Amino acid sequence: MAASRPSRPAGLSMFFPAYNDGGTIASLVILAVQVAGRLTPDFEVIVVNDGSTDSTRDILDDLVGTYPRVRVIHHPHNRGYGAALRTGFAAATKDLVAYTDGDAQYDPAELPVLWNSLTPDADMITGYKISRSDPWHRIIIGTIYRWMVRLAFGIRIRDVDCDFRLVRRASYNRVRLASTSGTICVEMIKSFQDAGLRFAEAPVNHYHRAYGKSQFFNFRRLLKTFRDLSALWWRLVIMRKAQIVHPAEEAPQPISVSEEAQEK
């Protein structure tokens, strides 16, 4: 009897959306290369530079020249967190896609926690913060936001704004996302639920921001966040217009990447 053919190692795309993260992005990318290489020989690390005005672009271009598994996509101007996530998912080529932010509030060294939680019964592993390392006002805002979206959207995971996740690329391609702001996380989880995708959750650490400042949920942006959430609630909950694709029609997210391809 012929020996059975060994299974192909799972491929992994790890990406970081980054905006003015020059003080943290290099160490994150180097650590991601090391961690991903221990999980699978088939991996890539991608950074989406969302129009940074600090040293982020130059640092990333240097990393590309040093690490052949690293790719960088530069948005010529800041397009928003949601747009950066959509670009990262569209650029990913492997079967499994992980992402976390370029500000180092989550540790890529904990990627094995998500990786080891992935079973055939799960389409996405989403992290939840063991504790939140933020100023008191952001903890309060974040807690209110979390409970508000869980109630309004029927979100069933405990921590919708924990931006450390591992998802099957084929599962992500079951939906079409439109948000360009931080509300994309609500749109993604709600759309996944509506598409019948399956979640598992894993605890991850959350760390103090060591460089730069947060772009989300500060008082200046609360009104815009509320407007974005209201429009999203009307579309997904009242009108039930989540863009769900039949598995036979799966294709990468239809975003504009031509302008990013021109900047290199």
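## A guided tour, helix by helix and bridge by bridge

Select helix α3, residues 81-91, where 10 of the 11 residues are buried, leaving the helix mostly covered. Before going further, please keep in mind that the model in your viewer is predicted. Which residues of α3 are buried? They are Tyr81, Gly82, Ala83, Ala84, Leu85, Arg86, Thr87, Gly88, Phe89 and Ala91. Colour them if you like, and then move on.

**Stop two: a pair of helices**

Next, show helix α1 (residues 25-39) together with helix α2 (residues 56-66). Their axes come within 10 Å and cross at roughly 25°. An angle under 35 degrees counts as roughly parallel, so α1 is described as roughly parallel to α2. The crossing of these two helices is right-handed.

On the α1 side, pick Ile25, Ala26, Val29 and Ile30. On the α2 side, their partners in the contact are Ile59, Leu60 and Leu63. What kinds of residue make up this contact: nonpolar, polar or charged? Seven are nonpolar, while none is polar and none is charged.

**Stop three: from strand to strand**

Time for some charged side chains: the structure holds 10 salt bridges. Begin with Arg71 and Glu44, whose closest N and O atoms are 3.1 Å apart. Arg71 sits in strand β3 (residues 70-75) and Glu44 in strand β2 (residues 43-50), so this pair links distant parts of the chain, 27 residues apart. Buried or exposed, how do the two partners compare in accessibility? Arg71 is partly exposed, at a relative accessible area of 32%, whereas Glu44 counts as buried at 8%.

Select Asp161 and Lys129 now. Their salt bridge has its closest N and O atoms 3.5 Å apart. Asp161 lies in the loop between α5 (136-153) and β6 (164-168), while Lys129 belongs to strand β5 (residues 124-129), so the pair ties together parts that are 32 residues apart in sequence. Both Asp161 and Lys129 are buried.

**Stop five: from helix to helix**

Go on to Glu187 and Arg235, whose side chains meet in a salt bridge with an N to O distance of 2.9 Å. Where do the two residues sit? Glu187 is in helix α7 (residues 184-194) and Arg235 is in helix α8 (residues 222-238). They are 48 residues apart, and the pair links distant parts of the chain. Glu187 is buried, with a relative accessible area of 1%, while Arg235 is partly exposed at 22%.

**Last stop: a glycine in a loop**

Finish with Gly154, which you will find in the loop between α5 and β6. With a relative accessibility of 33%, Gly154 counts as partly exposed. Which residues does Gly154 touch, leaving aside those up to four places away in sequence? The answer is Val149 and Gln193.

Definitions and conventions
Residues numbered from 1 in each chain as written. Predicted model: local features only at pLDDT ≥ 70, side-chain atom pairs only at ≥ 80, totals over all residues. Heavy atoms only, no water. Axes fitted to C-alpha atoms, helices over the stretch in contact; angles between N-to-C directions. Helix = DSSP H or I, 4+ residues; strand = E, 2+ residues; numbered from the N terminus. Parallel < 35°, antiparallel > 145°, perpendicular 65-115°, else oblique. Left-handed = near helix turned anticlockwise from the far one by under 90°. Contact = heavy atoms within 4.5 Å. Nonpolar A, V, L, I, M, F, W, Y, C, P; charged D, E, K, R; others polar. Salt bridge = Lys/Arg side-chain N within 4 Å of Asp/Glu carboxyl O. Buried < 20%, exposed > 50% of the residue type's maximum accessible area, 1.4 Å probe, protein only.
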